[in-house]
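Subject: Structure handover

Hi,

Here is the structure for you to look over. My notes follow below it.

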Amino acid sequence: MGRLKLSDSFIMESNGASWSSNTNLPKGSILQMVYNTTTTEKTTTSSSYQSWDGLATNITPIRSDSHLRIYVNAVRCVCQANSNNIYLRITDGTNATHRWQHKNYDTDGNYEAVTPCHNWYWPIFHTAGTQITLTPELLSLDNSNNVIWGDNGSTSHMIVQEIAQ
């Protein structure tokens, strides 16, 4: 077993094949990164959150006191109709991040493009060693016009980083 001591408070251990998952990395260190890609889109007119299952991403937290940084880099995000809103968030099946809200301010009734790349810093604790699935969700506030995240045939990404606290 190898041991790397960078300081008295920062020691990493290895079994010869990989570094220990219980390292005492300093606060702010990225413990791991996972990602998923999809060439699907999620379209809905519902005013209840709908899951974009194609981009759902699994992560097994290394530490129970870590936070998550989540990036959704979609190739497009559009909202149809005057004064409609699109709400975007991430859920773990029990809890949800804050929501991003984008409003269509057009007066022509057509689609309005909004920022397709979103990120969340999620200071919520998850159980170490237990896999969670993080799923993007969206809704159409007016319950009748389309909102779309992603684009069929083009690649969107979701990146999740676990950050030491």
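Ser-83 touches Lys-103 and Asn-104, leaving aside residues up to four places away in sequence; contact means heavy atoms within 4.5 Å. The model is predicted: local features need pLDDT of at least 70, side-chain atom pairs count only at pLDDT 80 or more, and totals for chains, interfaces and linings use all residues. Residues are numbered from 1 along each chain as its sequence is written, and side-chain values use heavy atoms, with hydrogens and water left out.

Back to Ser-83. Ser-83 sits in the loop between strand S8 (77-80) and strand S9 (85-91). Strands here are DSSP runs (E, at least two residues), numbered from the N terminus. The relative accessible area of Ser-83 is 48%, so this residue is partly exposed (between 20% and 50%; buried is under 20%, exposed over 50%; 1.4 Å probe, protein chains only). His-102 lies 19 residues from Ser-83 along the chain, with 9.8 Å between the C-alpha atoms.

Now the sheet. Four strands form an open, antiparallel sheet, ordered S3-S15-S7-S12. Strands pair if DSSP finds at least two bridges between them. Strand S3 (30-38) and strand S12 (117-122) are at the edges; each has a single partner strand, so one side of each lacks a neighbour in the sheet. S3 pairs with strand S15 (residues 156-163) over eight bridges, in the antiparallel sense. Thr-37 stands opposite His-157 in S15.

Overall, the chain has 15 strands and zero helices. Of its 165 residues, 42% count as buried. Residues 24 or more positions apart make up 75% of the chain's contacts with a separation of 6 or more.

Best wishes
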